[in-house]
Amino acid sequence: MPYELHYWPMIQGRGEFVRLALEEAGADYVDVARQDDDSGGIGPMLDRLSDPADPRPPLAPPFLRDGDVVVGQSAAILLYLGPRLGLVGASESDRIWTHQLQLTVADAVDEAHDTHHPVGVGLYYADQKPEALRRAAEFRDERIPKYLGYFERVLAANGGGRLVGANLCYADLSLLQLVDGLLYAFPRATAAALRRTPQVAALHETVARRPRLAAYLASERRIPFNEDGIFRRYPELDP
């Protein structure tokens, strides 16, 4: 039975971190909301979110359905999928460390989102542009170097090449996605930070060349970055 991924069909967003793991592993999965209405569509996702009879509903997408198991939140989904897809080490310490790294990626993603929505998620970017300009300046100058510098340190401590042990893990895939998103939204600041974090830059390049992942990234299944997602390109935020 295939995994069922439920996420908004028009953006990469937080669902992309799960997609990358499923694609790299060659897993049998269905991106339900991207199907036509007869095969799935967005209806089942909205029904699950609003079902009053569900005692354990997800707050928001993404969520994954695996038979009777439903898991929400990207980091929790990857914690669940990691051992099933062979994308995490066998030891408890490796699993928890990988999860910790994933949560750190999630922190960076939240901060990237808040550069264009620093006041409220219900407001348009144009309604909070002065605050966004101020927030983005700190993100460019302080936070991007801090996050990429942290992952550089982790890679160096692990001998380079991978974040945890010798094998690819889902945190490596998520770091690829974080860097991709930052390069889209803040190309100038991110390029400068990557020049100071060569091991992060090398991981980004080598992981993207893995056969299954490269095929996915070049396919129509990979939704392009756009200004409805988490990572948004507003040139004034990265002058």
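Residues are numbered from 1 along each chain as its sequence is written. In this predicted model, local features need pLDDT of at least 70, side-chain atom pairs count only at pLDDT 80 or more, and totals for chains, interfaces and linings use all residues, while side-chain values use heavy atoms, with hydrogens and water left out.

**The sheet and its helix**

Four strands form an open sheet in the order β2-β1-β3-β4, with mixed pairing. The edge strands, β2 and β4, each pair on one side only. From one strand to the next, the twist averages 20°. Strands (E, at least two residues) and helices (H or I, at least four) are DSSP runs numbered from the N terminus, and two strands pair if DSSP finds at least two bridges between them.

| Strand | Residues |
|---|---|
| β1 | 3–6 |
| β2 | 29–31 |
| β3 | 63–66 |
| β4 | 69–72 |

How many bridges join β3 to β4? There are four, and the two strands run antiparallel. R65, for example, has V70 in β4 as its bridge partner.

Helix α2 (residues 43–50) lies across β1, β3 and β4, running at about 95° to β3. Angles run from 0 to 180 degrees between N-to-C directions, using axes fitted to C-alpha atoms, for helices over the stretch in contact (heavy atoms within 4.5 Å).

**The cavity**

A cavity is a set of points on a 1 Å grid over the protein atoms alone where a 1.4 Å probe fits but cannot get out; lining residues have an atom within 4 Å of a point. The lining of the largest cavity includes I11, P224 and F231.

Terms used: On a 1 Å grid over the protein atoms alone, a cavity is a set of points where a 1.4 Å probe fits but cannot get out, and a pocket is an open set with protein on both sides within 12 Å along at least five of seven lines; lining residues have an atom within 4 Å of a point.
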